[in-house]
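Subject: Structure for your review

Dear colleague,

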Amino acid sequence: MTELRCRKSETLEGDNEEEEKQKESELETKPPDVEQVNGSSAAAADGSQQKDEGEVKGGQHEQEESSRAQSCVKAKGLSASVFLQRLVRVFFGCLASVACGMLYAVYLSTYHDRKFWFSTRQELEREITFQGGSGVYYYYYKRLIAASSFERGFYELVVDNRTVSGQTINAVERLSLYPELITSFIYRVTGSQDFVEPIYFYIGAVLGLQAVYVTALFVCSWVMSGTWVAGMLAVAWYVINRADTTKVDHAIPLRDNWALPYFSWQVTALTGFLRNKIGSSTEMFCYLTMSATTFTFLLVWEHSHYVLFIQGFCLFLLDSFDLVPPRKMADIHKVYLSSLFLAYMFQFQNTALLSSPLLSLLIGSVLARYFQQRMKVGPLVARVMKLFLHFYLVFTSGITYSYLVKKLIAANESDFILKFLEVKFGLNTTTDFVPNFLLCQESFQTPGQDLFLRLTQASVLPFYFLVLAVCLLSALQAIYRRLSGQPLCKTYSLENGGIGEKPEVVYHVFHTMLFGGLALLFDGMKYLWTPYVCMFTAFGVCSPDLWMTVFKWLKLKSIHPVVLSLILSTAVPTIICFSLWREFSPRVLAELSELQEFYDGDTVELMSWIKSQAPVAAVFAGSPQLLGAVKLCSGSAVTSLPLYSDINLLKRTEDTYQVYAMRSAEDIYKLLTAQKTNYVIIEESICNELTINKGCRIKDLLDISNGHIVYDKGEIYSFSKYGRFCHEIKMNYSPYTNYFTRVFWNRSYHVYKVNSVISFQY
């Protein structure tokens, strides 16, 4: 700007000099008058006086030109020094973010090796460490590596008849196997098979994404606060609360661990895109990053469109309150629509995306905007009424579109999701096994008080409520001013003290509040809420704008509020970091030094027997978590998979679980043979399950579903003319021995062969 001003002043001076020359030439060419001839002496005197004044003015012009030239040189030097300072700051900030991500990845790798003794185990024992049924994802990765070519392996996954008995499934679509496809392709192309084992390459890819996750949180907090100290504080809180921020410790191959790093970078790019003070090149970079990460997020996780619906609703509120320019909202809608279209094509025309709530919200908002083109004009009362009408039109249009699409494509999974939500919120009761089984999963239960106690002990929750309260009140003030027709400050400065006028801050307020509300209902949602609590809180305590907003409300006059806000934004995070380092660094380092023992000998024995004794074409039935391990370790076909978003697999799981119900041997035999089962695995931990919450035991859910529950004086009893199958079959008497033959057993598992020819022995 200073250079432009200098150039402008120089051009103006040049124009003035040209005008003076033109005037002098006109005076010289003008013919003399009679008055000029008569008053020659007076003219001579005036001419000498004008000559003296011209010399004085010329000297003044030379001094002004020299001073302006000096100011231009100073401005250039000042701009160069400011640019150099910013460059140094960005360099060290990027260096710190990358260092935090790499250190976290090294920490996770070391912790994983110490926890499972991974480097000293055999391959079978390593594969069993993939808990919670997540081993089935690694099985497909291993299958792609073992294929003769990548194209052949991809075809075998698209037309897969060796996984679920009696079915040919598209495993890439059904299980969202694009992470395994990409990882195996990179493993082949780079020639990594010559110097690294496939399992280490796979784990390294997941842990590397966790480093990307942490780096994104660092950058997001840094962008919002203006200091990379906030990024370091966010990473520190994330690592300390690792039990509530990530599931990578328990099951590495889960889809969450692949998808959430991309979502974190999408949120970071969206944060930069929403800022008012942003250059065109930076805005384009944020837009492209947001587009790429949104598409990748939709591609690698089947539940991603629900997460993006919550984000889209936050942006819808921003647009409705007129806190973000319409041009940016149109660009964001383009990102969502293009990503949904590409994901629909890459996921083999996945009909779930056509009826997704995200697409319904986008279509509803576009239609409502078409019918309400003058929604953001008028007095306060009129705008509020228009706003309520806008909400009504958006949700009515969205719900109507979703209903019509589900009727046209016959989406049957929506019925059980709706029934599940009705039971969850107490609107209905059911005896069906599937909704009650899902409600008893830990991810869908209400979180306990331990979550909030851990966050409070790490000091993140108290500061979060403080930051959220300040930002929310400031955002409400900004919303009131916008609805009243007052413009927001386009050139925000620290002295203004209105942090709620920043659209990126208001977005994160809505983001944390909505995901926090869901985390209060579903324990699994804490992995989407807690990381951004750490990031948002770190931004708040390190932001001078937040402290300045508080001081402006308090009307502080004794001390200059700008100076005090700068001091507190540095002193408070420094004190927090020091206290966290003093209290939690010994615990974190102790986790790396402790050698934990994880060895499931009974499961290893079972898998070894299956690999050595069972036929290659055998079909196994059991719990979904165990079948995931069976599929990984032996490659045998199974009756179901640990995938809780597929209603057909859930129905097959219900039929398999009947071995723990009070049913006859003939009924169980018919159910298992209908799924072409050759061997059924009965687990002692399920058959003799003892928990405080009796209503969530598998056998209790089956008794409720089968109508074997009797209520007597407030007590619940199970009653049937048949004994519990998993107990009765161990007695080895007829008719159980007619249908089943025990072929393997240890302390945890009993394996029975389903007889192909029934032998009646009494």
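Predicted model: local features only at pLDDT ≥ 70, side-chain atom pairs only at ≥ 80, totals over all residues.

Aromatic pairs. The count comes to 45 aromatic pairs. One of them joins Tyr202 and Trp258, whose ring centres are 5.6 Å apart with the planes at 65°, so this pair is edge-to-face. Tyr202 belongs to helix H9 and Trp258 to helix H12, so the pair ties together parts that are 56 residues apart in sequence. Tyr202 is buried, at 0% relative accessible area, and Trp258 is buried as well, at 5%. Tyr669 and Tyr739 form a tilted pair, with 4.9 Å from centre to centre and 45° between the planes. Tyr669 lies in helix H30 and Tyr739 in helix H34, 70 residues apart. Ring pairs also link Tyr669, Phe725, Tyr733, Tyr736, Tyr739 and Phe740 into a cluster.

Helix H6. The buried residues of this helix are Gly153, Glu156 and Leu157. They cover an arc of only 100° around the axis, which means that they lie on the same side of H6. Their cover includes helix H5 and helix H7.

Surface patch. Phe83, Leu84, Leu87, Val88, Phe91, Phe92 and Leu95 make a nonpolar surface patch of about 730 Å². Val88, in helix H3, is partly exposed, with 39% relative accessibility.

Thr653. This residue sits in helix H29 and is buried, with a relative accessible area of 3%. Leaving aside residues up to four places away in sequence, Thr653 touches Pro624 and Ser640.

Yours sincerely

Conventions
Residues numbered from 1 in each chain as written. Heavy atoms only, no water. Helix = DSSP H or I, 4+ residues; strand = E, 2+ residues; numbered from the N terminus. Buried < 20%, exposed > 50% of the residue type's maximum accessible area, 1.4 Å probe, protein only. Contact = heavy atoms within 4.5 Å. Arc of directions from axis to C-beta. Patch = residues over 30% accessible without salt bridge, like charges linked within 9 Å, V, L, I, M, F, W, Y side chains within 5 Å. Areas by Shrake-Rupley, 256 points an atom, 1.4 Å probe, with all protein chains shown as cover. Salt bridge = Lys/Arg side-chain N within 4 Å of Asp/Glu carboxyl O. Phe/Tyr/Trp six-rings, centres within 6.5 Å; stacked < 30°, edge-to-face > 60°.
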